[in-house]
Amino acid sequence: MLLNACGSFDARILDLMEERGVSLEDLSSGSRSAMDLLGIVDTARERIVELFSSEWPEEEMERCEKKGVKVIFFSDPEYPQALRGINDPPLLLYSRGRTLPSGEKVAVVGTRKCTSYGSGCASTLASALAGAGVTVVSGGARGIDCAAHRGCLDPGGKTVAVVGTGVDIAYPASHASLYREIMEEGVILGEYPLGTSPRPWNFPRRNRIIAGLSSRCVVVEAPEKSGAITTARCALEAGREVWAVPGRITDRVCRGSNALISDGASPLVDIVAFASLVSGRQMDLFSPETAKSEMSGFSLTPEEREVLRLLADHGDMTVDNIATEGKMSAAAVLRVIGVLSAYGLVFASGPGRWSAAASRG
Amino acid sequence: MPRHLDLGAAGEDLAVRELSRLGYRVMGTNIRMRMGELDIVAEEGGEIVVVEVRTRTLGRMLPPEATVGPSKIRKLVRTGTAYMDSIGWEGPWRIDIAAITLGTDGKPALEVFRDITVGLIKP
Amino acid sequence: MNAVLGVTLQGIQALRVEVEVEITGGLFVISVVGLPDASVREARERVRAALRSLGISVKGRVAVNLAPADSPKEGALLDLPIAVGIAHSMGEIHVTRPSLFMGELALDGRVRRVRGAVPAAILARDMGLPLFVPAGNAREVSLVKGIEAYKVEHIRGLFEHLRGSAMLQAIEPSEESVEYPEPDPDLSDIKGQAAAKRALEIAAAGHHNVLLTGSPGSGKTLLARSLKDILPPLSDDEMMEVLMVRSTVGLSLDSSRRRPFRAIHHTASTISVCGGGTNLRPGEISLAHRGVLFLDEFTEFRRDLLESLRQPLEDGCISVSRASGSVTYPARVLLVAACNPCQCGYLGDPVEPCRCSPSAVDRYRRKMSGPILDRVDLYVTVPRLTPEELVQAEGQEGEGSPEVLKRVIRARERQWERWGPLGFQCNAELPEKALKKQVGINAEGRRFLKEMAGRVRLSGRGISRVMKVARTIADLAGDVDISTVHLAEALAFREGGDLPWNR
């Protein structure tokens with residue numbers, strides 16, 4: 001635990017210690033030869049000695065207990081198998097929420113400054129994956145990450161958020177309720193000690209965990225120098241499949257994700273097909289009846305179902321569009337939108353524009 | 001007699017003649033009160049008019065009417081008010097200036113400035 | 001009571017001023033008691049010159065007394081009564097009946113237009129006295145019924161009238177108020193935007209305040225302006241109130257019964273919006289009385305300006321004070337606020353990418369709250385139509401404003417019937433208690449509302465708003481009870497129900 005706190009250490013060090021015959025006592029005493037054997041740099045040496053002499057690990061464990069945070073060490077059986085296989089697995093994981101879901105996991109990542117198209121795709125993709133029983137892994141950040149978590153939660157799926165802060169911190173603050181929801185069925189994971197505040201250099205490190213936990217990594221929308229591209233690279237290094245959603249070639253916001261495709265990532269152009277591929281199940285085409293049974297007992301009126309169908313087919317529409325296509329009055333459309341948005345079945349993707357939340361068509 | 005006094009007397013006569021021609025009914029000249037003297041007192045347009053006569057030769061520095069400064073005006077007001085009291089006049093009155101300028105050709109010109117205290121009296 | 005009377009303005013009310021003149025002997029001087037010195041100096045010159053233009057030469061010591069002496073008065077309006085008073089005292093004319101005079105004098109005797117003619121006319125009506133006003137004010141005075149009034153071009157005409165040698169032209173009451181002027185813009189001039197138009201119809205019917213959110217170019221300003229033409233025409237009393245405010249400011253009059261529309265820019269000074277200044281003049285909010293007050297770019301408004309709007313939105317009137325006293329102006333308005341979805345304006349746009357950082361989006365969002373938006377019942381989003389959508393919208397203009405207005409009027413009538421006995425005029429005015437008891441929601445509706453309120457986590461205030469709006473929707477449809485149908489539509493306009501960052 002201590003080593004973890006000193007930063008930049010991963011599980012490899014334990015192997016090294018065994019290999020070279022260095023014991024914990026050696027490290028705690030600050031023995032130079034021990035440090036040399038392990039290749040520890042000066043700055044880290046001081047920290048190690050300092051922390052060893054203080055009561056920090058015990059206090060940290062106490063804090064974890066108080067906040068309901070579980071600590072999963074590298075040596076524990078619960079440590080995700082998938083993570084063991086990567087290059088530099090974390091020494092330990094702080095975990096908050098339920099146990100880590102088993103089964104297929106797919107990482108859905110992207111930029112914070114996404115377009116409504118991007119967030120819509122992330123959300124729909126996540127919902128489809130949730131419907132197929134797949135866990136969605138992402139970073140808890142604004143934009144694509146948030147859309148992915150939400151899209152997974154709405155139909156009652158499980159999602160994992162890997163954060164770059166302490167797991168007790170809600171960053172960004174506006175996501176506090178999102179995290180609470182994630183913890184109901186899923187889990188929040190982090191490598192950093194409790195109370196670690198968000199620092200830019202912490203986030204690239206956590207991306208490798210996102211990549212490592214998942215069997216596949218999907219980049220929905222990302223510009224060239226983006227954290228999501230880092231995640232994709234980690235995934236590649238770890239031997240995972242990388243997918244990317246194609247974006248408009250004139251938009252800077254997806255230049256990175258588009259470049260991944262030209263570099264060999266698989267283009268994700270059919271959400272249903274992808275969900276089927278991942279889950280190994282044949283996904284049903286969208287039907288209102290399925291929607292009904294999946295969504296815990298909403299009974300929709302014919303008008304409501306019609307609007308939902310239109311939105312599923314068309315992407316985003318204004319009230320005018322819906323009224324024209326559905327041959328309804330504006331007031332009737334507004335009624336339907338009022339109800340459907342309250343149920344969470346539709347959302348506003350922009351001023352005056354509505355999209356279906358969980359469509360699989 | 002000093003020349004300027006000569007001029008003065010001649011000016012006053014001229015003023016009386018001209019004012020009468022303009023419709024002033026001259027009631028008296030050179031009226032002496034305790035605090036000062038009124039050159040001409042006349043009646044015109046329903047009020048009593050105190051006329052102060054000023055003469056001067058063209059070419060001198062100040063125009064005749066400008067020689068009536070604030071203290072002179074105050075004196076005229078006091079003197080005039082005393083006169084009105086003395087004759088028991090309770091109606092409206094005003095102060096005019098008759099300015100006589102002697103041209104180079106020797107011909108005198110008369111200009112009348114009506115009601116010089118307008119705007120100067122505090123209500 | 002003196003025969004010669006003038007007026008002075010206190011707010012939009014005219015108060016009578018008695019003009020007493022005493023002329024004695026002595027050097028000529030005009031003194032005026034009851035006016036500030038600066039005004040006196042100027043008034044003296046004008047009055048004397050105007051009288052001289054008639055060959056009336058003012059002599060002696062003139063003492064003018066304006067009673068009551070201690071209330072603040074404005075000089076220019078009183079030129080005419082002072083001149084009349086002096087001439088009357090000199091015996092040049094005789095004012096036999098007590099009469100009201102108002103007007104500013106030019107040096108040549110012409111009588112100039114002044115502000116406040118309508119309040120003066122109302123005073124004349126209430127006192128039963130004849131009124132003499134400048135010809136330039138004749139039109140506004142003609143809109144006040146039940147008065148004897150004359151228009152004065154030149155002081156000569158007035159004196160001849162008073163001497164009985166020639167009559168001044170009387171001001172005939174005018175019937176020209178146009179009840180339904182041409183809508184500008186007409187709803188059918190706006191392409192698409194069915195949701196926003198429906199929201200405006202609801203706003204007009206129930207007098208609900210509105211927030212329009214949309215990207216630049218989505219047409220929010222045009223939509224806001226169309227609201228004034230679907231509001232019911234001004235009633236007689238309301239028209240008089242509007243006239244009084246405009247006349248007090250000295251603006252030209254619009255004789256139509258169209259509701260006022262005033263747009264204020266976020267850089268406007270508090271005085272220009274709320275009123276005040278040297279003469280305690282009414283501000284924009286009073287000029288918008290009984291009409292629409294439009295706050296464009298709502299998020300850019302200074303907090304102190306918004307704070308000062310709170311009281312008038314609550315009470316329907318605004319107090320303006322200075323050391324010399326205070327005055328209350330009417331300010332009962334329908335508020336329309338407009339803003340962008342984010343700082344750069346393009347969050348959620350189908351074409352333009354949003355350039356805002358996530359924290360900037362949060363910061364902007366926080367500006368969309370506060371005491372003013374608390375009074376908004378309808379939250380409407382306005383899409384920016386792409387060129388394809390605009391083309392598609394051709395030929396689908398929808399109804400014109402007159403049709404919508406008819407429904408609005410009927411809905412209003414139902415509200416008057418229902419709330420009149422309780423002392424309210426429309427659904428938006430209803431306080432919480434009355435709402436809960438009287439609004440007429442059926443059992444199914446109640447259940448529906450409870451469920452939905454839980455789902456979207458509506459606050460108590462949010463629930464009240466939904467109920468009020470649903471009541472208006474029901475009134476528009478002519479339904480007695482509120483059912484789920486009306487509540488569902490009201491839900492579409494709930495606060496935060498439509499913003500992508502609410503996810």
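In chain C, strand β3(C), helix α1(C) (residues 37-52) and strand β4(C) form a left-handed β-α-β unit. A crossover counts as right-handed when, with the strands pointing away from the viewer, the path from the first strand over the helix to the second runs clockwise. Helices (H or I, at least four residues) and strands (E, at least two) are DSSP runs, numbered from the N terminus. Keep in mind that this is a predicted model: local features need pLDDT of at least 70, side-chain atom pairs count only at pLDDT 80 or more, and totals for chains, interfaces and linings use all residues. Residues are numbered from 1 along each chain as its sequence is written, while chains are lettered from A and ligands numbered from 1 in the order in which they are written.

**Strand β4 of chain C and its partners**

- β3(C) (residues 29-33) pairs with β4(C) in the parallel sense over five bridges; pairing takes at least two DSSP bridges between the strands.
- In β4(C), N65(C) sits opposite V33(C).
- β2(C) (residues 13-24) pairs with β4(C) too, this time antiparallel and over seven bridges.
- Opposite V19(C) you'll find L66(C) of β4(C).

**Where chains A and C touch**

- The contact takes 32 residues from chain A and 35 residues from chain C, with residues in contact if their C-beta atoms, placed from the backbone, lie within 7 Å.
- On chain A's side, α18(A) gives the largest share, 10 residues.

Notes
Two residues are in contact if their C-beta atoms, placed from the backbone, lie within 7 Å.
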